[in-house]
Structure formats: structure tokens, C-alpha cells
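Here are my notes on the model you sent over.

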Amino acid sequence: MRRDALEPGLVDNPALRADPLADSTIARILGPGHPGGPDMATIGLLNQEIARWQLNGDLDGWRASPGLPPDMAAALEEYVAKARVLPDWADAAKIARAEVLFMEMSMASCTLLFCASLPQCYIMPDLAAVLHAAGELEQHTDYRVRATAAMIFPVMMRGGLTAPSGGGVAQAIKVRLIHAMIRHLVLRGDVAEALVAPRHLPRLLTQAKTMPQVLYAHGWDIDRLGLPCNQEELGYTLLTFNYVFLQGLRRLGLRLAPGDEEAYMHAWNVLGAVLGIEREQMTDTMADAERMFTAIQAQVRGQQRKDDPRPALAGALMANIQRYLPLRILKPFPVLLTRRLIGKESSRDLGLDKRVSLLSRGLFVLVFGFIRGVDAIARLVFPGFSISRLITRILGYNLTVKLLMDETRPLKLPDTLLGEVGDAVHAWHNDEKAPRWVNALERRFTGRLKPAAQQG
């Protein structure tokens, strides 16, 4: 969003607002910008310290490690005390219902994460530019996706936001501070100072090796782009994980009841508050979410871009998914499914509208049409029946196990949480809403045997 000058009322522009609590904390720790580049030693200490935030209970009365510089220790302790508190409008019953829904949707949730939420997240060009600058998607797609999952699972599992044994709040306030660090590095100093003295930060010609150094050297035009990871972008990202997810379920014929949709949106809004997102950037209903989401995307499409990083990011994501599909004719299916879930305009924005082989496209249309037709007829007799749910569970299981639960590259989670995630994934052996023969078919296509309790 363009800013020509600091005029009265311009502070109302969400592209020029970030996160005062997290930004002031990082400014106290990292200080003013350094001509020689970021202070890697201090950043290393900071990363080491926030790694201690593992479970929600760890945050109760949290104290910095002995020997930590006093200014850093004080800043972090004050941050934790304020950031860990849920908003006063949080509804424990709705959060608990959302947790149940997440577990019920199980592996279908992972399919929608890869083929709907993440692609729509990359629509924002300025947000994509930050990821592009760090090479996080093109060069480290696998890492970035796993990092996203490392936050989603702790948040949506039982007690993730409300219990001391959960890890959602601990992971969220860590991500919130990392966002502030990114802003500080990209702007080469305090966010508040950057707004008082607006400027264009040119790209630095340097042999940057680490991610902080790359971000510091990248450059940023505040007048044209607003702040990195600003409130508008954060609010939009939140919509990709609640509204886009629920919209994806609808497009697959797996629509939830209105009350369940609102409970799911509420849980993510609570997470958004912990992440430092303003309440004004949130919506409580699907109708309001659709209006906000559509308005933001329309605004983005009206902006002219010389270099568009989005196609490369989306292409890297799709290629990463395609690695786990066995047959050549099935390789285009993630792109085709993503098109179906996010629509024509978003697919064009991401460069996913390229020509796909006629055979693969025809097979996808045939399969998708057949599934929707069979589901519509079968539900007249069996209300819970859904082949669409079966297909998304099979794909989601393969992505979950092969990409997220690879024992050689475990998710960066506390051992207790990692164990709970593993138990949850392995517990998704049966779809309680499906007939026995459908569950048997699912086990056959995922290579899973019948649960031990049912064998013999």
C-alpha cells in the first residue's frame, strides 16, 4: 500500500502498523542499525534464549538465563509476561470445539494446508518478497512448510492455547518475536524510527551468508511497500489459515456446520491476538471474512510489480508436493487441486495457470466430477459418506508422514509435543464417519495395516 507522506490519519493505514510490543522488545535487544551489518552474536544469544519457550507452562513466571546481558534479559521477561496472556474475549468452549474439529478432519487438514492455505498466503507480493529475499521457499521449501506445521499442530491439538501442557502459546510468541526481528533487519533499525523518517533502503552489495545478513542487505521501500510483516499482511495471513481452510472444505463438499465454522475461526483469532494481530484485522464469520479477503486481494492486484516473486514460491511448493506422488500422470494433480481450491485469479497470480497435459487434466476432472456425484447420491442414504474426504485423507496422510513426520528430520518441537503429534497422526487410522470398507480402502492406499487392537 503506497504512502506518499506522513499525513494526519495515515496511522490508520494497517500497512504502516506492525507490533509495538514485539518491535520495542527487539529494538531494546538489537539497538540501532549497525553499518557493518546485523549483530550476529546478539541474534545468536536471542535465538538460543527463545528456544527455551517450549510449553505454555514454561512461560509462567519465566526468567531469563543467568549470564544473559541485563538489557536483553529485562526486555524478554517483560515481553513474555505481556505476550503470553490470551485476549479477554477468548472463549474456551469454542477453542475446545475447534480442537475437536481439527482432530476429526485430521489428514484432510494437511491437504488443505498445502493446496489452499499456503498458496493463498503467497498472494501478498510484499510478504512474498520477504520470503523470497531469504530464499525460504525456493531453496528451503521443505523447511518452511515444516516450520509452519510446527506451529499449527501445537496450537490446534488439545489444550494448545489453554493448558500449561500445551505448546500453542509458547510457539506463537516465539514466531511473533521472529516477525519483529525480520522487520528490524529489513529496515536496518527500529520500526518506530523508520516511520518517523521514511526512506528508501537500497539493496546492499555484500556477500551475505546467513539469513539475517540476507534480510539486512535486501533493501526496502517503506513509502511504496509499507512495513514488512505489517498488520494488513498479518491479518491476511490469518485469513488463509481460517477462512481459506474452511472455504476449501466447502469446495470439497465437506462443509462444516455454521457454529463449527465460527468456532474454528475463533480459535485462530485467539492465536492471532497472541501473534500480535489487531482485533480490527480479524473477522468472526465466513461472510465478513470473504469480504475482507476479497478486498485485500483486489487491492493487491491493482498494484504494479516489476519483479514478482510469487510464481517461483508457488512453483517450489508444488514441486515439493509432487515429489511424493508415484505416477507421472498424477504429478499435475496438486496444481489442479490447488486451482480448484483457490480459484482462477489466485492461480494466475501464482503462475499456476500454465498448461497441464490434457490426459492429466481430463483424468482430474473426471475423478473430481465422479467423486462429487457419488457423494451427493450416497449421502441420501449414508449422511456421513464422502469419497472426497477419503481422497484428501489419503493425500494428507502421505504428505504428513513423508514430509512432516520423517524421523530423520523431526519437527522442531519439544519432545513431549513431538510425541503427542506422532500419537495423533498414528491415531488417524480410521475415519469414524466412514463405513468399514472405506477405511479398509484407505489403509490399503496409505500402506497402513489394521490397528493392532483389531488384528488377530
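1. Ground rules. This is a predicted model, where local features need pLDDT of at least 70, side-chain atom pairs count only at pLDDT 80 or more, and totals for chains, interfaces and linings use all residues. Numbering runs from 1 along each chain as its sequence is written, and side-chain values use heavy atoms, with hydrogens and water left out.

2. Helix α1. Helices here are DSSP runs (H or I, at least four residues), numbered from the N terminus. Helix α1 covers residues 20-30, and its buried residues are A22, D23, T25, I26, A27, I29 and L30. For burial, the cut-offs are under 20% relative accessible area for buried, over 50% for exposed, and partly exposed in between (1.4 Å probe, protein chains only). What do the buried residues of α1 pack against? The partners are α2 (40-50), α3 (70-83), α7 (168-187) and α8 (191-196), with contact meaning heavy atoms within 4.5 Å. Just after α1, have a look at G31, which takes a positive phi of about 70°.

3. Helix α15. With 13 residues (310-322), α15 reaches 18 Å from first C-alpha to last, close to the 18 Å expected at 1.5 Å a residue; that expected span is 1.5 Å times one less than the number of residues. Its buried positions are R310, L313, A314, A316, L317, M318, N320 and I321.

4. R97 and D260. I count salt bridges as a side-chain nitrogen of Lys or Arg within 4 Å of a carboxyl oxygen of Asp or Glu, and the structure holds 13 of them. In one, R97 pairs with D260, the closest N and O atoms being 2.9 Å apart. R97 lies in helix α4 (residues 92-121) and D260 in helix α13 (residues 258-274), so the pair ties together parts that are 163 residues apart in sequence. R97 is partly exposed at 31% relative accessible area, while D260 counts as buried at 17%.

5. R301 meets E345 in a salt bridge of 3.7 Å, N to O. This pair links distant parts of the chain, with R301 in helix α14 (residues 286-301) and E345 in helix α17 (residues 344-349), 44 residues apart. R301 also bridges to D349, with the closest N and O atoms 2.6 Å apart; D349 is in α17 as well, 48 residues from R301. Shared partners join R301, E345 and D349 into one network. As for accessibility, R301 is partly exposed at 27%, E345 is partly exposed at 43%, and D349 is buried at 13%.

6. Q231. Is Q231 buried or exposed? Its relative accessible area is 0%, which makes Q231 buried. Q231 sits in helix α11 (residues 231-241), and a polar atom of its side chain lies 2.9 Å from the backbone oxygen of G276. Leaving out residues up to four places away in sequence, Q231 touches P14, R17, A18, G276, I277, E278 and Q281.

7. The core. The largest nonpolar core has 108 residues, and W53, L76, I173, L177 and Y264 touch the most other members. A core here is a set of buried Ala, Val, Leu, Ile, Met, Phe, Trp, Tyr and Cys residues joined through side-chain atoms within 4.5 Å. Helix α4 supplies the largest share of this core, 13 residues. Beyond four places in sequence, L177 touches A22, T25, I26, L46, I50, W53, L76 and Y79.

Technical notes
Helices (H or I, at least four residues) and strands (E, at least two) are DSSP runs, numbered from the N terminus. A polar contact is a pair of N or O atoms within 3.5 Å; within protein, one must be able to donate a hydrogen and the other to accept it, and residues adjacent in sequence count only if both atoms are side-chain atoms.
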